[in-house]
Amino acid sequence: MLKNWWSGFRATAAAAVLGSTLFAVPASADLRAERISEANASELLIGGSDAVGGVDDWYLANDVVEIIVDDPSRTHAKQNFGGSIVDAGLRDRTGEDQFARFFTVMNLSPQVTPNYDRIRAEVDSAGNFARLVVSNSRGIAVVQRGSSVVSAFDPTLPSEEVARALRVETEYRVQPGESFVRVTTTFRNDGEVAAPIFAYADTWMRGGRSMRAFVGNTQDPTKSSGFDHLGFGGTSILDIGGTLEPFDFVVVPGMRDYPPIGYAMFSPERIERGLVHFGVTSEHINLINVFVTDPGWHEVGLATLFDATSIELAPGESWSYERWFLIVGHPDVASATDVIFERTGLADGRSGVRGTVTPASEPCAVHVATADGAPVTQMLTRTTGPDAGRYRAILPPGDYRLTFRGPHREPFERDVTVGAGRFASVANVDLGGTGWLVFEQPFRDGGGGRVVVTGRDGTPPPTFEPELLDFTLDGALAESGSETHEIHFVGNESDPVRVPIAPGKYRLTATRGLLYGIDQLDIEVVTAGDAVAIRPFVVDRAVALDGFVSADMHVHAQASDDSGISNVARLRGYVAEHIDVMVSTDHDHIADFGPAIEELDVAEKIEVIIGVEVTSSTGSEAAPWTLGHHNAWPIEHRSNAHRQGAPPSQNLTLANLYALLRSDYGARVVQLNHPRPRSDDISEGAYFSHMATAGEAFDPNLPLTAPPNDTLLALATDGHTRAIDFDAIEIMNGNGAHLYHRVRDDWYALLRQGYLSTGTANSDTHGPSEIAAYPRNFVQLAAAAPFDPVAFDRAIRDGRVFGTTGPLIPEFRVSDAGSGGSTGGMGELVASKDGRVVVEFRVAAPDWVPVDEVRLVANGEVVHTWPLDAVAESDGTRFAHREELVLHGDVFLTLEAGAPLGVDRLAWIAEHPGPYTQVVAPGFVSAAFANPIFVDVDGNGRFDPPGPWPAEASPAWWLLIAVTGGLVLWGLQGRRPPTGSRSAQSPDRP
């Protein structure tokens with residue numbers, strides 16, 4: 001019924017609605033189109049959690065909306081050029097931008113792009129419109145990967161002749177009184193041969209744990225996806241073919257905890273002609289694709305895609321595509337569909353649904369579907385002001401089902417019929433009350449901590465800060481930018497006191513990180529309105545770790561385009577974990593944590609170092625397979641600069657990027673992030689899977705001078721910086737246990753060949769579901785206070801670090817067993833004239849952390865394993881040991897502890913039930929590694945690396961080490977490791 005009514009109504013109303021709204025505009029609107037300068041930046045920059053624009057970008061506005069288009073010269077993040085919308089807001093407000101950006105792909109391939117290099121700004125003299133126009137003067141860009149023969153047979157890649165002759169122009173236009181920007185892209189073939197250009201797509205970067213996309217189809221509502229999408233993780237046209245869906249609008253409401261905003265994209269012109277878009281919705285993006293020459297398809301499969309590759313633009317032919325980018329002032333779908341439905345003739349604005357919800361002070365999402373379940377729109381009630389508790393949406397007449405979702409309540413439904421010319425009023429919906437957790441003094445000592453709340457006896461875990469959207473990919477809920485079942489306390493007046501929760505039985509687990517014990521409490525919230533007072537938790541120090549500071553050096557928050565968590569929430573989580581140093585590394589943005597530190601009053605509790613994750617995501621001529629991801633710090637925050645001063649990430653060689661980071665941006669530490677992917681496929685963000693130019697994976701069994709490894713030795717234009725010159729390499733990233741094992745092999749292969757980078761362990765946390773500072777680093781510093789960031793960075797570069805998801809290494813040293821020798825710790829060089837050394841170490845952990853074994857590793861091979869079954873001693877010690885070795889050549893020694901190597905993550909978790917695997921660090925495997933101690937045996941004053949892995953690798957190759965000492969367990973003998981002078985000499989780093 002609804003589908004038939006929709007079709008009929010459009011035919012009779014579309015022309016009238018469009019005609020009446022396009023030209024009924026105020027005569028004296030404030031139209032602007034200009035470049036941003038230092039002089040006008042404070043007036044024109046939109047600001048907000050995802051603000052990108054800066055000086056030398058371009059501003060466009062009418063009296064309602066404003067956008068910023070980045071200058072075509074920008075080479076950041078997703079493309080090798082600018083010219084796209086990067087910020088968007090409403091003219092009467094500031095600091096509200098949540099828009100990440102659009103970036104463009106052609107022929108459904110990231111290797112084909114418009115290559116904009118020009119921009120102009122115009123305001124019509126009569127005041128009817130203002131516009132920015134971007135264009136290319138050198139033709140489109142086609143990045144070839146691999147051999148020219150392979151590229152020649154790729155139907156998505158035009159030839160060089162075609163690419164040079166194809167002109168692309170995109171106009172961003174605003175007119176007075178309109179709440180949208182008209183975006184028109186025109187292709188023109190100036191060549192003498194047909195151009196095989198068959199598809200054009202706006203790729204809407206939303207971010208995986210940020211805003212959610214609602215996708216609708218007004219021409220066939222049964223094809224609307226709403227918030228429920230097919231997953232997409234592929235990179236080729238064949239991967240895309242199975243997930244392309246027809247639609248004609250996309251709405252992306254902003255996140256509730258930020259200033260209210262929402263965005264949408266639709267094309268009234270295409271809808272009027274009966275044309276749809278085809279695209280995919282993934283964790284991070286919406287691909288909004290159209291086929292050039294508009295073949296009129298309403299379904300797309302592999303056969304259709306094959307036909308699409310035959311579409312051509314004849315010599316001298318042009319093709320244009322117009323769509324509207326809508327900006328609204330409330331973070332729900334209905335604020336956008338109210339405009340879309342009217343503008344496209346689907347509804348006339350006189351019919352719809354409205355009602356109220358109590359309690360009015362709590363948010364409620366009202367999802368609207370047709371009677372047979374097709375999603376139509378979604379409303380979000382306001383929680384303050386005269387409209388608190390109210391909802392309203394424009395709808396065409398028909399039968400609908402409303403689903404009400406409130407925090408800490410079960411969803412429920414109401415059916416409603418909307419008649420022509422009227423709004424159906426729904427009787428007030430009472431959501432009912434919640435229970436409460438009351439924290440008068442969360443921790444007995446007045447400090448902070450993390451409290452994990454889990455359900456028991458059939459009660460599901462709670463969801464704090466719920467989205468109320470149920471955004472799914474392949475039927476599974478996607479990771480959220482706000483939802484959590486944890487409560488974080490920093491130990492001052494900013495902490496929450498009353499936390500709402502549904503009635504049920506719960507277990508509360510309090511933790512403060514890996515140096516502390518835990519405390520647990522079982523409670524029951526009997527009924528709605530029940531307020532349960534939580535007694536103070538007692539979480540005492542379990543392990544002393546003098547001379548170390550804890551640090552996480554890969555952290556994302558609100559400035560990252562794939563993270564929605566606020567700086568305040570992010571900082572609160574790290575203080576609760578008792579982390580000493582947090583390095584902020586947002587994607588291609590420079591964060592400012594000053595306001596968050598001030599708001600939480602935690603300047604004395606944590607050090608925040610501002611850095612960046614340089615995120616190369618698209619191939620270029622300099623790096624066809626991208627540059628991967630790399631952290632650098634410190635980087636200065638500049639509020640008026642593009643991306644607040646972030647360095648470029650595109651169209652560079654990796655060696656030149658490293659040189660630039662150090663010379664122009666002052667970075668003291670450069671870290672190679674997550675160099676391996678989760679599969680054996682090439683991954684943009686995993687540098688060792690492609691090495692930018694090789695298109696092949698790094699091979700730890702080959703010398704650095706052999707292909708493809710030799711690409712790491714390519715020089716920058718400065719004549720000395722190389723792609724291998726990262727100071728640190730991320731051995732542990734999040735809960736990727738199998739990635740740890742792979743990168744561990746890479747790291748040891750580099751060390752064996754004398755390329756000495758520090759191994760690190762970082763969380764790479766984006767959203768609340770990823771645990772802050774798991775894994776983490778412990779950095780050895782000589783001075784306790786005050787904190788010296790220069791000394792901290794030096795300690796990292798020198799390798800005075802161990803990384804861990806649980807076990808701790810308070811002591812690890814090597815001493816010459818003869819007279820007059822030296823003693824050294826991590827990152828240091830020990831001289832031993834006759835090769836006789838003593839290795840001394842202690843492994844510790846709180847009693848809730850599993851530690852199965854300890855391993856001594858020489859030159860990358862395990863030379864001894866000690867299984868552990870003992871419980872922790874009073875100081876947390878699990879194993880203390882002294883081993884005497886005779887070495888017959890220079891050696892680097894490392895120590896590892898935790899789960900056995902090669903263990904299956906899920907099997908290990910199942911075999912270790914308890915607080916670690918089930919509550920505090922779910923999904924993690926207990927593991928720790930120490931950075932190496934180097935031993936100079938030949939007396940030349942340096943570490944001479946042993947070289948690549950032997951051609952005939954054998955577990956016995958390490959027999960150059962003769963174990964001559966007995967196994968002495970200090971814990972059984974009541975002894976501590978002997979103290980001695982520590983050498984300050986570090987090995988030479990090539």
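**Close-up views of a predicted model**

**View 1. Helix α8 and the residue that comes after it.** Helix α8 is followed by Gly345, whose phi is positive, near 80°. This is a predicted model, in which local features need pLDDT of at least 70 and side-chain atom pairs count only at pLDDT 80 or more, whereas totals for chains, interfaces and linings use all residues. Residues are numbered from 1 along each chain as its sequence is written, and side-chain values use heavy atoms, with hydrogens and water left out. Helices (DSSP runs of H or I, at least four residues) and strands (runs of E, at least two) are numbered from the N terminus. The buried residues of α8 are Ala334, Ala336, Thr337, Asp338, Ile340, Phe341 and Arg343.

View 2. A salt bridge is a side-chain nitrogen of Lys or Arg within 4 Å of a carboxyl oxygen of Asp or Glu, and the structure holds 58 of them.

**View 3. The salt bridge between Asp117 and Arg138.** In the pair formed by Asp117 and Arg138, the closest N and O atoms are 3.0 Å apart. Asp117 lies in the loop between β6 (112-113) and β7 (118-123), while Arg138 lies in the loop between β8 (130-135) and β9 (141-142), 21 residues apart. Asp117 counts as partly exposed because its relative accessibility is 25%, whereas Arg138 is exposed, with a relative accessible area of 53%.

**View 4. The salt bridge between Arg662 and Asp727.** Arg662 forms a salt bridge with Asp727, and the closest N and O atoms are 3.0 Å apart. Arg662 belongs to helix α11 (residues 654-663), and Asp727 to the loop between β42 (669-672) and β43 (728-733), 65 residues apart. With a relative accessible area of 29%, Arg662 is partly exposed, whereas Asp727, at 16% relative accessibility, counts as buried.

Methods: Buried < 20%, exposed > 50% of the residue type's maximum accessible area, 1.4 Å probe, protein only.
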